[in-house]
Amino acid sequence: MVMADRPEVQTASPAVAAITMVGLGQNLLTGLARVPFVRPWQGPGNIVDNLGQSVTRQTIRSFMGYSLGLPIEEFRSMEQVIDGICSVVLPPYVRGIDGVTITREVIGGVPGLWCRRSAGKNSRERVDGTILYLHGGGYIGTSPMMYAAFASATAKRTGCDIFIADYRMAPEFPFPAGVLDAASVYAALLEQGIKPENLIVAGDSGGGGLAASLISHLNVSGMPVPAALALFSPETDLELDQPSVSDNARYDILPWNVPTAPYLQGIAPGDPLVSTVNAALSPDWFPPTFVTSGGNEMFRDGIRELVAHLRDADIEVHAIEAEGMFHVFPILMPWLEVSRRVFEELDEFVDSHVRSRRYIDIGSVED
């Protein structure tokens, strides 16, 4: 399911949706035409990596700039088309490349996708852990299927099964709808027999902010916390008043006017429930946390502040800030050397918090 498939969500007519997609294509081409004029060979890596970064930055900027200017019903229709394309292309791709099978399931009343490693016929080990993943999109867009490639690569690398929740998004469903959906999935996973010590909550961008908000919600609700939290460029400071928001606007993939009003709709942006950077953190209820970010991203200072708060509260934190990189770079450019380092360290982080608790299913051992 994608947001446009929900009965409460309005979409554009097929003709308008087609015009919207044509406009998107034209906007992307116009954006790419700018690349040769912005010194694409300059950057933190070699010429090939720098060129790839320039193309990626301009492509995402063009996509976001166009998308945020659309009426919401056209935005949802465009999202639906892209999700449909991903639904055709990505499942066979990840099955062939990563050996991961994608299946749809509703957990706790919330639809989503499972990304599971294909078990070998001689495999004797059960899955080492489970990751509840909350996809990014600034609390307003994208879908689980659009994250299938990243989630499948992560499943292959970490050995975990990953459930990408299709939580409700703004503006149709503002805060706290997304948090409540994430909490419903989390509770249902526990009811299915997954232990908190074998469960990791993760997310990127707005989904990273939502993942952190989920931990606060679990604490208030008296529920057990997961084994760990993994955040990729999390949007955990919705006040957006840090210097990097303006200083890095020309380097990042994000629009200079990052929208938060559709999600908040009256909630103070500094409220600890939506801006975890302002929460009174404690190791009694906040789990060990893995955080990665780019040195040139707009959220950099807010993420730095979150990491500092975690350390001040004596909460275990493993932080990676990649010099010269933009928002969610490991997801958009996984082939970079710095991205590979992120995945290696994430694997080690998962090993130390989940895979060390692995056990053998004696009954599955063949004679």
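Q: What makes a run of residues a helix here, and what span is expected of one?
A: Helices (H or I, at least four residues) and strands (E, at least two) are DSSP runs, numbered from the N terminus. The expected span of a helix is 1.5 Å times one less than its number of residues. This is a predicted model, where local features need pLDDT of at least 70, side-chain atom pairs count only at pLDDT 80 or more, and totals for chains, interfaces and linings use all residues. Residues are numbered from 1 along each chain as its sequence is written, and side-chain values use heavy atoms, with hydrogens and water left out.

Q: How does the reach of helix H3 (residues 72-97) compare with the span expected at 1.5 Å a residue?
A: H3 has 26 residues and reaches 35 Å from its first C-alpha to its last, close to the expected 38 Å.

Q: Where in H3 does a kink lie?
A: The kink, about 35°, is at leucine 90, shortly before proline 91. The bend at a residue is the angle between axes fitted to the seven residues ending there and the seven starting there.

Q: Why is leucine 199 called buried?
A: Buried means under 20% relative accessible area, exposed over 50%, partly exposed in between (1.4 Å probe, protein chains only). Leucine 199 has 0% relative accessibility, so it counts as buried. Its place is in strand S5 (residues 199-204).

Q: Which residues does leucine 199 contact, leaving aside its neighbours within four places in sequence?
A: Among them are Thr130, Leu132, Tyr186 and Pro226; contact means heavy atoms within 4.5 Å.
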